Amino acid sequence: MKKPHGEVDTASENFSVAYKDISVNKLTLATDVEKIQLSTRLLELSNQFVLYLDVTMKSGKTLLARYNNECVQYKLPVLNNQYALDDTVTKIGSIVEWADLTAGTTTYYLYEAEGVTSAPTTESPAGVTIQIPSDIDAEKIVNGRLTAGSTLEIDFSTADLSKVSIQCGEFKTAEAEGTTGKLTLKKDRGDDAKLTVSLDIENADSRLRADYDNNTIGVGYASTNHMTVTVNEEAVVDADLATIYRFDNQYAASYQFALGVPDPDAEEPEGLAGLTTGGYAVQLNIARSDMGKTFDLATDTEKIGLFVYDYDTYTTYDPRMASGKGATGTVRAIAVGTATYYVSVDVQFPTGPSVKAEWYGSFTRHDNDMTGVLTPVMPYKPQFVAYAEDGSVVNDWEILEVQVRHDAKNSFQGNSFPAYFFYFVTPQTAGQVGGVDSPNGTPVLCVQGEYSEGESLNVSVDKLLGSDFKWKFEMNNSDYLGYSQYYFDQSWSAGTSGSFCPDVASVSISKDGSGWNIEFSMKDYISAKGPYSYCKKNTIYIQYKGKVKKYTGEKSNDLPDSFYE
């Protein structure tokens with residue numbers, strides 16, 4: 001019992017009696033005990049203890065005890081970096097502060113062994129486990145850890161023992177009613193890796209104490225060290241992480257982290273580039289000042305760089321771009337010292353994958369920007385591709401060949417200018433009446449340029465809107481284009497609903513020896529048309545490398561045969 005004071009109200013007070021096979025406490029009182037009378041008194045001046053006990057068990061056994069004589073009081077040993085369960089004293093060689101952000105708990109493990117820096121294992125069990133909810137004080141506990149200079153006091157007479165628990169061997173606060181006493185956890189003002197612990201709690205059966213005076217502790221985070229990528233409710237990546245990569249961008253005062261699982265059967269590439277063999281990789285760009293913060297993608301997309309790379313579709317999902325628009329979830333990175341990190345990613349893209357990855361441990365250093373290494377690059381092939389706003393492919397036609405003609409007397413919309421015409425022959429060309437002259441199956445790009453023997457056409461315009469360069473793109477397919485023709489702004493049409501020049505369009509054409517390099521892209525969006533636009537906002541991309549062939553259609557062509565050699 002807590003303190004001798006006379007007649008004990010056994011119905012309401014905490015007490016216990018044990019003698020051989022007779023055990024009486026609040027749990028057995030109603031089930032095993034017929035009657036009990038208990039009275040205790042301690043006369044401190046004379047050290048005299050008076051006891052009267054009369055117990056009758058329902059089994060018929062009885063216990064009678066009377067005592068009125070001297071009592072020598074036991075003095076508890078003074079603890080110094082030790083813990084004691086009743087009179088058994090054990091040194092504290094290590095303490096580990098262990099945060100489980102998923103479970104929302106902060107746990108302090110007290111070990112007899114020195115140098116322990118992780119959670120308990122079968123080989124290395126903890127002597128005392130103190131667990132508290134991480135949200136018990138949001139100002140003092142941040143990212144699962146008690147902050148420097150903070151003091152946390154818990155009174156067990158009022159604490160919720162379903163959330164705050166202490167265990168030492170058979171002593172468990174969660175299973176012992178009537179636990180009283182206090183726990184104090186205090187961090188050093190200048191070093192959050194130094195902790196003071198003061199513990200003194202007791203129940204009817206035992207007393208547990210601990211003292212640890214401002215010593216260095218280990219720190220860690222519970223983590224699966226695992227990555228799962230789900231597409232259409234099917235896990236396409238489900239494997240353990242072996243490491244994470246970090247680039248310290250000192251000029252930008254930020255870090256880049258990369259997570260991924262390389263294909264175990266891929267012999268190369270190695271290092272960071274090896275992540276590109278595993279189907280998916282994740283890159284985080286975080287300012288040093290933002291380390292330790294949790295970013296909610298619903299509101300914080302401009303505060304963090306998040307890129308999920310899909311190497312099967314060559315897609316980069318970025319919440320700030322159309323490919324990742326509407327992404328939800330959270331991202332965070334926490335530094336633990338200078339060489340260890342906790343990194344978690346839990347994101348979902350409406351039109352892409354869901355990614356859940358978690359890592360705690362050391363990192364592998366990378367010395368340069370990761371973006372160029374990790375960004376998916378589609379292998380070159382001659383192609384005409386139409387992309388939707390979300391990055392998905394609307395149409396992908398192979399370009400079988402490119403035919404070219406030149407018309408020195410070309411005239412369009414009242415403008416006369418010499419021009420080259422590039423016909424991108426696709427599998428659909430052969431099925432159209434008119435062959436290459438039909439824009440139903442053959443996209444046609446017209447660019448201004450005079451033909452001169454011995455000189456090559458060289459065009460590079462990054463922004464066609466607003467330039468003086470004359471061009472036209474023609475293709476008749478309402479499935480992914482709102483209009484059949486797009487072309488340069490004339491003086492009267494610029495900025496008006498009569499414009500057919502997309503806001504975003506570029507062209508690059510050059511010749512290298514006998515081969516040509518042709519790139520053309522445009523987004524089917526013309527803001528000048530206002531609300532009455534038929535634009536579908538798809539993006540057209542054409543790329544071709546190789547020789548060109550002689551034009552086979554019925555229109556004028558003034559190029560000599562030597563042009564095609």
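**Close-up 1. Polar contact between the side chain of Gln-543 and the backbone of Lys-381 in the predicted model.** A polar atom of the Gln-543 side chain lies 3.1 Å from the backbone oxygen of Lys-381, where a polar contact is a pair of N or O atoms within 3.5 Å, of which, within protein, one must be able to donate a hydrogen and the other to accept it, and residues adjacent in sequence count only if both atoms are side-chain atoms. Residues are numbered from 1 along each chain as its sequence is written, and side-chain values use heavy atoms, with hydrogens and water left out. As this is a predicted model, local features need pLDDT of at least 70 and side-chain atom pairs count only at pLDDT 80 or more, whereas totals for chains, interfaces and linings use all residues.

Close-up 2. With a relative accessible area of 12%, Gln-543 is buried, that is, under 20% with a 1.4 Å probe and protein chains only. Leaving aside residues up to four places away in sequence, Gln-543 touches residues including Tyr-380, Pro-382, Ile-399 and Ile-518 (heavy atoms within 4.5 Å).

**Close-up 3. Strand S20 beside strand S9.** S20 and S9 (residues 94-100) pair in the parallel sense over four bridges, pairing requiring at least two DSSP bridges, and Val-96 stands opposite Gly-218. Gly-218 and Gly-220 point one way from S20, Val-219 and Tyr-221 the other.

Notes:
Buried < 20%, exposed > 50% of the residue type's maximum accessible area, 1.4 Å probe, protein only. Helix = DSSP H or I, 4+ residues; strand = E, 2+ residues; numbered from the N terminus.
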